[in-house]
Structure formats: C-alpha cells, structure tokens
Amino acid sequence: MGIPVAQMAAVTKYVLKQRLIGRERYPLVLMLEPLFRCNLACTGCGKIQYPVSLLKKNLSVEDCLRASDECGAPVVSIAGGEPLLHPQITDIAHGLVSRGRFVYLCTNALLLERKLDSFQPSKYLSFSVHMDGPRAEHDLSVCREGVYDEAVKAIRAALARGFRVTTNTTLFEGVDPERMRRFFDDMMELGVEGMMVSPGYSYEKAPDQEHFLRRERSHRLFARMLGEPKRTWRFNQSPLFLQFLMGKRDFECTPWGNPTYNIFGWQRPCYLLQDGYAKTFRELMEDTDWSRYGRKSGNPRCQDCMVHCGFEPTAVRAAFDSPRAMGATFAAMVTGRL
Amino acid sequence: MTDPRLAELVEQAFDYRGYVTLRRTDGSALVGFVYDRGPSHVEVFDEAATTRIRVALADIAGIEFSGEDAARKSQDIWERRKGTLEPRDTPASGGWEQTRPVLLVTALDRELRIVARALGASAREGGVRARVAGGDFVGACVGIGGGARSAVERHEPRAVVSFGFAGGLDARLRPGDLVLSTGVQDEGGQRITAAQPLRATAAAALRGLGFFEGEIVCTTAVAATPDAKRTLAKDGALAVDMETEPVARAAGEAGLPWLALRAIVDAADSTLPPFAREAGNRGHLTHFVPAALKYAASGPRAVADLIRLARDARRAGAALEEALRRVAPALAAWGGSA
C-alpha cells in the first residue's frame with residue numbers, strides 16, 4: 001500500500017485515542033480550502049463557481065492553522081481552487097507540517113515546478129497531483145491541452161528533489177477500465193508514492209451534469225478496474241474503501257469524517273454538500289443534524305455518492321471495529337489483493 | 001413567523017452563485033453574496049467580499065438576483081466549447097497572477113519619497129507606482145496608525161511591506177541600522193508573525209548590507225524617552241514603530257504575506273524632542289517645520305538636538321533607500337505570488 005508507516009501509526013494512535021475517550025464523532029482528514037480560484041475550469045468541478053471578488057479571497061495563514069488546531073484531525077488535505085495560487089501557501093503548508101499534520105497539497109501541478117523552491121521536502125508533506133487518467137482523458141477532464149504532460153513533468157521534478165508525490169483521480173461515466181489499468185502502471189513507473197481514486201460527485205453547480213457515475217455503474221467500473229490488482233500498484237487509501245468501490249462491501253457515509261473549512265466557515269455537512277456554515281468546528285459537530293445525511297437518510301443528494309471524503313473515514317473506522325476487518329485490511333496491504 | 005414568499009426567496013438567494021440585492025424595509029439596499037441563512041436572518045458577504053453582514057429577515061422587504069450567476073455562466077461556457085479544449089499555451093496561472101503589485105505602506109510622506117527614489121519613480125498624490133525587474137510596485141502613504149486596510153483593498157497586492165522609520169529598543173541598534181521584522185506585537189502583547197518565505201527572500205537580498213532580524217513593537221503613542229523604550233524592550237523586541245501592526249493585520253485579513261523593513265532614527269538611549277512626539281498627519285512639512293523652528297528657538301541645546309535628529313533621519317533614509325533598491329528585484333522575482 002502507498003500509505004507511509006509514520007502516517008498509518010499516527011492515524012492508528014489518533015483513532016485508538018478517540019475510541020478510548022469514547023468520542024462518537026471525530027474527524028480524520030481536515031479538508032482545507034484556502035481559496036476558490038483556480039487556473040483550470042474542469043468539467044466536473046462544482047467548487048469554483050463564485051463571483052470574482054469571492055474568488056480573489058484567501059484564507060489567512062492564521063485562519064488555516066486555527067482551523068487545523070480546532071479540528072485536530074491528523075491529516076490535512078489542502079484543496080480549493082488551486083492551492084498553489086494562494087500567496088501564502090508555503091507558510092500554510094509549513095505551519096501545518098510543524099504541527100505534525102500529514103499534509104496532502106492537492107494541485108493540478110501547472111504551477112508546481114516553479115513553486116518547488118519555496119517548499120521543503122518532509123515526510124509530512126505530499127503533493128497530491130490531480131490526474132484523471134491517461135493523457136487524452138485527463139486533458140478532456142480539465143478542458144485544456146497539455147495539462148497531463150505538464151503534470152508528469154512537474155511530478156518528475158518534485159520526485160527528483162525528494163518530495164513525496166501522490167496522485168488523485170476522479171472518475172466519470174465513460175471511462176475505459178483497461179486504459180485506467182495502464183494509467184495505474186504509468187503512474188507507478190513514474191515513481192509516485194501512491195494513488196487515490198474516487199468516483200466524482202454530481203455537484204449541482206458543475207458544468208457537465210451528464211457524466212457523473214451512478215452507484216451501480218461505479219461498482220461495475222471499479223470491479224473491472226481494480227479486479228486482480230497488480231502487485232506493483234500502490235493506493236494511498238484504505239483497502240476496505242477500495243473494496244467498497246468494487247461492491248464487495250457496503251458502507252454508510254461518515255459525513256463528519258472529512259470536515260471542510262473555507263472562506264465561509266465550517267461547511268455543513270461535508271466537503272460536497274453546502275447546506276450552510278458553522279462558525280466553529282464544535283458548532284459544526286454538535287449542531288448539525290447528521291441524521292439528514294447518508295444513504296439511509298433517504299437524502300436524494302446522498303444516494304449515488306461514493307466519494308472518498310465520506311466513505312474513506314467509514315472504511316478506517318470499520319478496520320478498528322472488528323479483528324476480522326482489521327485482518328482484511330492488513331491482508332490487502334501485505335498481498336496487494338482487494 | 002416568516003413570510004413563506006420571503007423564505008422561498010432566501011433559499012433561492014442561498015443557492016444563487018451571484019450577488020443579490022437585499023431591499024430593506026427602511027428603503028435602503030444591500031448588494032452582497034448570501035452564503036448562509038438561519039431561521040431569522042441571512043449571512044451576507046458585501047460586494048467587495050471584505051465584510052460579513054447579518055441581516056434580520058424582518059428587515060428584508062425583497063431580494064433581487066441582480067448579479068451574474070457564476071454557475072450558469074460556467075455551464076454556458078462549457079456548453080459553447082463542448083469537446084474543444086483550451087490551448088496548450090494558456091497561461092499556467094489562468095490569468096490570476098502577474099499583474100498584482102507588491103504594496104509598500106508608509107506612514108510619512110518623507111518615507112514615501114524614499115520609496116519613489118529607490119524605485120526610480122515619482123511620488124504623486126500620496127502614492128508611487130513603479131515597475132522593477134518585471135514586477136509591479138505600489139507605494140501608499142496612509143498616515144500613522146491606520147489606512148493600511150483600505151490600501152490593501154484598493155491595490156489588491158500579492159504581498160505587503162511595512163516600510164519606514166523606527167525607534168531603537170535594543171542597545172546595539174544605532175541610527176541608520178536596518179531591521180527586518182520577524183513579527184510584530186501590539187501594546188497588548190498580541191503577536192503577528194511575518195511571512196517566512198517572503199522574509200527569507202528579503203534577507204537574502206539584504207545580505208552584505210548589514211541588518212538586524214527581530215520583533216517590532218507597535219505602539220499608538222510615540223516612544224520618546226529611554227525609559228519608555230526600556231519598558232517596550234522587555235520582551236526582546238528590537239524596534240518600535242506605530243505602523244507595522246495595522247499593516248500586518250490588514251495583510252493577514254486579506255490572506256497576504258507581509259514583512260516590515262524599518263530603519264532606526266532614534267536609538268534606545270536617545271530622547272526625541274517634544275515636537276517629534278506628536279503623531280502629525282503623514283509628517284507634512286507644514287506640520288513639522290513650524291514646530292521644529294519653535295523648538296529651535298528655545299535654546300542652543302534644542303538646536304543641537306535638531307541637527308542630530310536631522311542627521312540621524314538622513315542616515316535612516318539613506319539606509320532604507322539602499323535596502324529597497326536591493327530588495328525590490330528580489331520581491332519582483334519572488335515565486336510566492338498569487
């Protein structure tokens with residue numbers, strides 16, 4: 001598996017502590033959105049549709065670090081928008097790293113090579129490069145020619161300088177499982193530490209509403225794509241989550257698992273839905289009516305969602321729920337089989 | 001009990017990705033972005049996206065969807081260019097960077113003139129605009145104690161520099177010595193840390209010139225006597241000024257990196273003459289000259305004080321000018337731009 005031992009140890013320690021103190025709801029990954037502006041306009045993205053004055057806004061370094069302190073999650077995913085457009089992104093990453101957070105800085109990599117000098121390689125910092133598949137599929141997904149090639153070049157440069165690099169891949173209707181398997185080979189040959197895959201969420205505000213995967217289609221796609229996985233593939237994800245994507249396990253969403261903080265505040269209820277904002281993390285956790293979310297709630301916006309921000313936390317929790325699930329997790333990690 | 005028609009409008013406004021106009025029952029109007037709502041209020045960002053305003057539903061007579069819907073616009077663009085991609089040579093920044101300047105905030109006209117000389121420009125109407133080594137710079141004289149926030153909002157910079165004179169608190173510092181601030185604390189002890197990568201860039205450019213790095217204390221009254229300076233120096237601060245804290249705060253609120261570059265006029269063991277203790281408006285000559293002449297008339301010792309102060313101010317001015325000459329190209333090339 002592509003998850004570093006130090007990160008696994010930190011997350012394990014954190015989860016065990018939460019269970020020991022009897023905390024029912026706890027976050028695993030803070031989704032930090034320090035800005036909404038982006039240098040791409042991807043077909044399936046519903047995050048950047050705001051008036052220009054809001055797109056120009058940045059969270060301050062202090063806001064970002066305070067959010068991390070409030071939340072306490074051991075992992076922070078810096079998303080957006082394109083985080084490398086934030087004028088203080090290095091300070092934000094540095095501040096989080098110095099707090100011992102495992103930081104995944106999500107980027108389309110267009111600005112990565114020119115910004116590398118301002119970052120320091122660290123076991124706590126990984127560039128999570130957006131790669132939606134092979135060259136043709138990726139460029140089509142991000143609506144710009146040459147982005148795949150730029151990203152590959154930037155990944156090589158980052159790896160050469162000793163940075164950790166992972167990829168994150170969002171999949172939509174029409175993807176070819178065989179081509180995706182070859183894409184996984186390509187990423188491994190490139191030398192990335194691990195890959196993350198997830199079906200896209202059907203954002204209401206995304207321009208393309210036709211190509212979001214429905215649940216059954218997702219299961220079929222992931223079963224074909226991840227069936228008989230190659231031993232060389234490393235996924236930076238819980239094996240139980242990948243099995244869920246393949247339809248081998250049934251999980252319910254943990255909407256509080258990856259809480260989201262941005263210029264509006266703490267987003268209710270999750271990274272994908274915007275039903276309002278809380279002023280503090282505590283208010284988010286205590287005053288949100290969580291029973292309204294997840295597949296069992298009947299909420300139509302949750303029925304087809306299988307995105308990692310809701311189900312990866314469930315998979316991690318599940319691994320601690322029974323020796324059998326823990327065993328399955330370790331077996332998949334050791335053998336690479338899903 | 002909320003009018004159902006208004007409740008419906010509020011939901012539509014919350015879902016709308018553009019500005020709306022709230023017509024109040026008192027006849028006034030507010031243009032803003034509705035980012036949240038509660039049972040009896042809406043939360044709004046004003047049109048400049050700088051201020052959050054809570055408006056009671058009882059005060060709202062109607063809502064107009066007056067601004068462009070960014071989500072609709074994004075869908076229209078996508079529909080128009082369906083299947084065609086942005087060309088390979090589209091700027092990596094997506095049009096979000098390059099034109100934003102570095103803002104140099106001064107309190108005194110004299111300091112602004114130093115900015116103009118160092119950047120090879122002329123000061124006009126309280127401002128300086130210059131282009132150095134391909135980077136844009138704006139100098140703004142905002143007076144003592146305030147005005148930094150409106151300068152940041154007006155110029156939309158990518159970084160902010162607090163630039164000008166300071167008083168020495170550390171006995172090692174003599175008139176003309178430069179201080180590059182690691183942070184600033186206000187009189188209540190609240191600290192704001194300067195942006196590390198930006199500071200490192202400036203420090204590298206100043207190498208060979210001789211400068212001190214440390215904290216600045218920002219006060220609301222002139223620290224004129226050795227006793228007053230000793231009190232302020234107790235936490236190890238190097239220098240004192242009256243401008244850096246509002247500059248740092250305004251930058252932080254806008255999510256921008258900042259630094260302070262100051263030059264010492266009065267050392268820790270010196271006493272400022274009484275006329276220099278009054279924080280006149282931007283240090284206009286019309287304010288200072290009559291006061292200085294009046295002071296000089298009080299005796300030979302006052303004349304000596306004036307000569308010494310003028311000499312020290314010249315030294316500090318020359319140091320600032322040389323420092324900015326060296327730092328400006330480095331700031332222009334600084335990779336942390338938005």
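1. The sulfur of Cys45(A) lies 6.1 Å from that of Cys42(A), the closest cysteine sulfur, which is too far for a bond. A disulfide here is a pair of cysteine sulfur atoms within 2.5 Å, and the structure holds zero of them over all chains. For Cys64(A), the closest cysteine sulfur is in Cys71(A), 13 Å away and too far for a bond. Cys64(A) is also buried, at 0% relative accessibility (buried: under 20% relative accessible area, 1.4 Å probe, protein chains only).

2. On provenance: this is a predicted model, in which local features need pLDDT of at least 70 and side-chain atom pairs count only at pLDDT 80 or more, while totals for chains, interfaces and linings use all residues. Residues are numbered from 1 along each chain as its sequence is written, chains are lettered from A and ligands numbered from 1 in the order in which they are written, and side-chain values use heavy atoms, with hydrogens and water left out.

3. The contact (heavy atoms within 4.5 Å) involves 50 residues of chain A and 54 residues of chain B. Together the chains bury about 4200 Å², with 51% of it on carbon and sulfur atoms; buried area is the accessible area (1.4 Å probe) lost on putting the two parts together, summed over both. In chain B, the residues losing the most area to chain A are Arg17(B), Trp78(B) and Trp96(B), together 18% of what that side buries.

4. Five salt bridges are counted between chain B and chain A (a side-chain nitrogen of Lys or Arg within 4 Å of a carboxyl oxygen of Asp or Glu). Lys205(A) forms a salt bridge with Asp15(B), with 3.2 Å between the closest N and O atoms.

How values were computed
Buried < 20%, exposed > 50% of the residue type's maximum accessible area, 1.4 Å probe, protein only.
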